[in-house]
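I opened the model today to look at one helix and a few residues around it. My notes follow in the order in which I looked things up.

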Amino acid sequence: MLKSYKADLHLHSVLSPCGDLEMSPVNIIAKSKELGLQIIGLTDHNCTQQCVVTQKLGAENDIFVLCGAEVTTKEEIHCLSFFGKEEELNAFQEFLDLHLPKIQNDEDRFGYQLIVDEEENIIGEKEYLLISALDVGIEELYHVVHNLNGLFIPAHVNKPANSLMSQLGFIPPDLKADGLEISRHITKEAFLKKNAYLKKFSFIQDSDAHYIHLMGETYCFFHIENRTFEEICKAFKKEDGRFIELIEEQSGV
C-alpha cells in the first residue's frame with residue numbers, strides 16, 4: 001500500500017559557503033521535524049561530507065535523509081545527485097575532489113565551509129571554494145552518477161541563473177536525467193504548457209534553503225510504499241504506481 005511522504009530534496013548546510021551557520025545537521029533535522037518533512041535531501045555545493053551525520057540524526061528522528069550534492073558542471077549548470085549507499089557516496093566525493101578547481105576559499109567574501117558533528121562541534125573545513133564549477137560537463141556527470149547507481153536531477157531548470165535554461169537557452173529533448181527540478185516561481189502546469197516535450201519527466205519542487213526559516217517553503221509529495229532509496233527511484237521512474245506530486249497538483253492551484 002502506497003503512502004504519501006512530504007519531501008524537500010534541496011537543502012544546504014554549514015558546509016556550503018552560502019549556507020547560514022544555523023544550518024547544522026542538528027538544526028536541519030529539528031526544523032524538518034517541526035515542519036512535518038518526512039524525506040529531505042542534503043545537497044551542499046560540490047561536497048557530500050555533511051551527509052552521513054545528517055542521515056544518522058535523521059534516522060533517530062524518523063526523517064529519511066537522501067545523501068548527495070548540488071554539483072556545478074563546467075557549463076555552470078546546477079545538478080542534484082543522490083546515492084543510496086555510503087560507499088557510492090564516498091566514491092562520488094573522490095570524484096568531486098578530483099574535479100573541483102583548487103581555488104582557495106575566501107571566507108570573508110564567500111563564507112565558511114564547515115564540517116560539523118552531531119553535537120555541532122567543528123571537525124573539519126573545506127579548503128577549496130565549493131561553489132566553483134567542476135571541469136566536467138553535464139552529460140559526463142550524468143554517466144558518473146549512474147555508474148554509481150545514483151539519481152541525477154538537473155536543479156531549478158527554469159531559474160535565470162545556473163540552470164539548463166539560463167546556460168543553454170533551452171532544455172535538450174534528449175537530455176539524460178532521472179527527473180527535473182523546477183523552482184517555486186512556476187507551476188508544473190505552466191512549465192509544461194511552454195515545454196510539453198518534457199512531460200515524460202518526473203518533477204520535484206524544493207526550497208533550495210540556505211537558511212533555517214526557508215526550509216520547507218516549497219516541497220512535494222512522494223507516493224511510495226516506504227522511505228528507501230529504491231522506492232524513491234521508483235517514484236522518479238513512475239514504476240509500480242509510485243509517483244511524485246507537487247503542491248499545486250494537490251491543491252488544484
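Predicted model: local features only at pLDDT ≥ 70, side-chain atom pairs only at ≥ 80, totals over all residues.

Residues are numbered from 1 along each chain as its sequence is written, and side-chain values use heavy atoms, with hydrogens and water left out.

I then went back into α2 (residues 51-60) and found Cys51, Val53, Thr54, Leu57 and Gly58 buried (under 20% relative accessible area, with exposed over 50% and partly exposed in between, 1.4 Å probe, protein chains only). These residues lie on the same side of α2, because they cover an arc of only 165 degrees around the axis, taken from the directions from the helix axis to the C-beta atoms. Helices here are DSSP runs of H or I with at least four residues, and strands are runs of E with at least two, numbered from the N terminus. The face turned away from the buried side carries the exposed Ala59 and Glu60.

Which elements do the buried residues of α2 pack against? I listed α1 (25-35), β2 (39-42), β3 (64-72), α3 and β5 (114-116).

In α1 I looked up serine 32, which is buried with a relative accessible area of 0%. Not counting residues up to four places away in sequence, serine 32 touches Leu37, Ile40, Ile63 and Met215, contact being heavy atoms within 4.5 Å.
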